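Colleague: Before I look at the coordinates, could you take me through how to read the sheet and the nonpolar cores of a model like this one?

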Amino acid sequence: MVRHTPLCASFGAEIHGIDLARITAPQFHLLYALWKRHHVILFRGQRLADGEFDRFAARFGEIEAQAESERADTEWHAAGAYLERPPFAHLMHAPQQAACTGLWLASLSAALRSMPTDLASRLRRLAMRHAGSLAMAEPIAFGRVANDGPVHVTGSVHPVIVVQPESGEQSLYLGNRRQSWFAGLAPDESERLMNIVWSYATAPAVTLHHAWQPGDVLLWNNLTTLHRHDPPMAASAQPPRHAQVRGRYVLTSPIQQEAA
């Protein structure tokens, strides 16, 4: 029997009773609905060969070759924010034979719900430019060196508050703290507001830490969830396998949808 339990008070669910190597169409329909509601879902004890993991990931959409390093990204980020259509989902599978470094997740939908009404109202009318430098497959692209001129970055502009394309839920949308800025605002004002927004986005009440166990499969919505890794373990530790689902949506704000 398929059931689920919460991962924390604000988001996430662990799904029990599904063998992902033998998942049926009705089971996938159920877990997809749970994923849309909870944004992050976890399966324990899954024994998946590389091909089986890839086939499961492909049920969510086209899998893309990852341009971004996942080896040492210890800064909060959402993958591919510089793209017009950011990656839709991210999946990871922990190997059976080795321990992995931990992973942090933050819910941007829960962060938006926690904000004061006046702040959320202001953000609904703002957009953020996300640096194209995130396309570099280097750890430095994940915020370890401050961007000296954020107003000059090149990359896509997305609303700060978006409507989730499949569920209709509203959420913040952020990419990488040091490689983005509020379009149209002076640098000082952009930085001040960025500090406020990120303080809500990564507050303890909207984050959770995942300690990997062998066979874990973790899936999150890349449009509603930030993530970061704990510092790498010993070089001998085998990292989880990754799969990233290519983006298929142009993000729109509540105001844009109302105008349409």
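Modeller: Bear in mind that this is a predicted model. With a sheet, one begins with the order of the strands, and here the open sheet runs β8-β7-β11 with antiparallel pairing.

Colleague: Why is one side of β8 and of β11 left without a neighbour in the sheet?

Modeller: Each of them, β8 at 157-159 and β11 at 180-182, stands at an edge and has a single partner strand, so one side remains without a neighbour in the sheet. Neighbouring strands of this sheet are turned against each other by 30° on average, with direction ignored.

Colleague: Which residues have the most contacts inside the largest nonpolar core?

Modeller: In soluble globular proteins, nonpolar side chains tend to be buried together. The largest nonpolar core here has 28 residues, and those with the most contacts inside it are Leu-20, Leu-31, Trp-35, Phe-43, Phe-56, Phe-60 and Leu-91. Among the elements that each supply at least two residues are β3, α2 and β13, while α1 gives the most, with five. Leaving aside neighbours within four places in sequence, Leu-20 is in contact with Phe-43, Gln-46, Leu-48, Phe-56 and Val-217.

Colleague: Which residues does the second, separate core include?

Modeller: That core of 26 residues includes Leu-126, Leu-174, Trp-198 and Val-206.

Note on methods. Residues numbered from 1 in each chain as written. Predicted model: local features only at pLDDT ≥ 70, side-chain atom pairs only at ≥ 80, totals over all residues. Heavy atoms only, no water. Pairing = 2+ DSSP bridges. Helix = DSSP H or I, 4+ residues; strand = E, 2+ residues; numbered from the N terminus. Axes fitted to C-alpha atoms, helices over the stretch in contact; angles between N-to-C directions. Core = buried A, V, L, I, M, F, W, Y, C linked by side-chain atoms within 4.5 Å. Buried < 20%, exposed > 50% of the residue type's maximum accessible area, 1.4 Å probe, protein only. Contact = heavy atoms within 4.5 Å.
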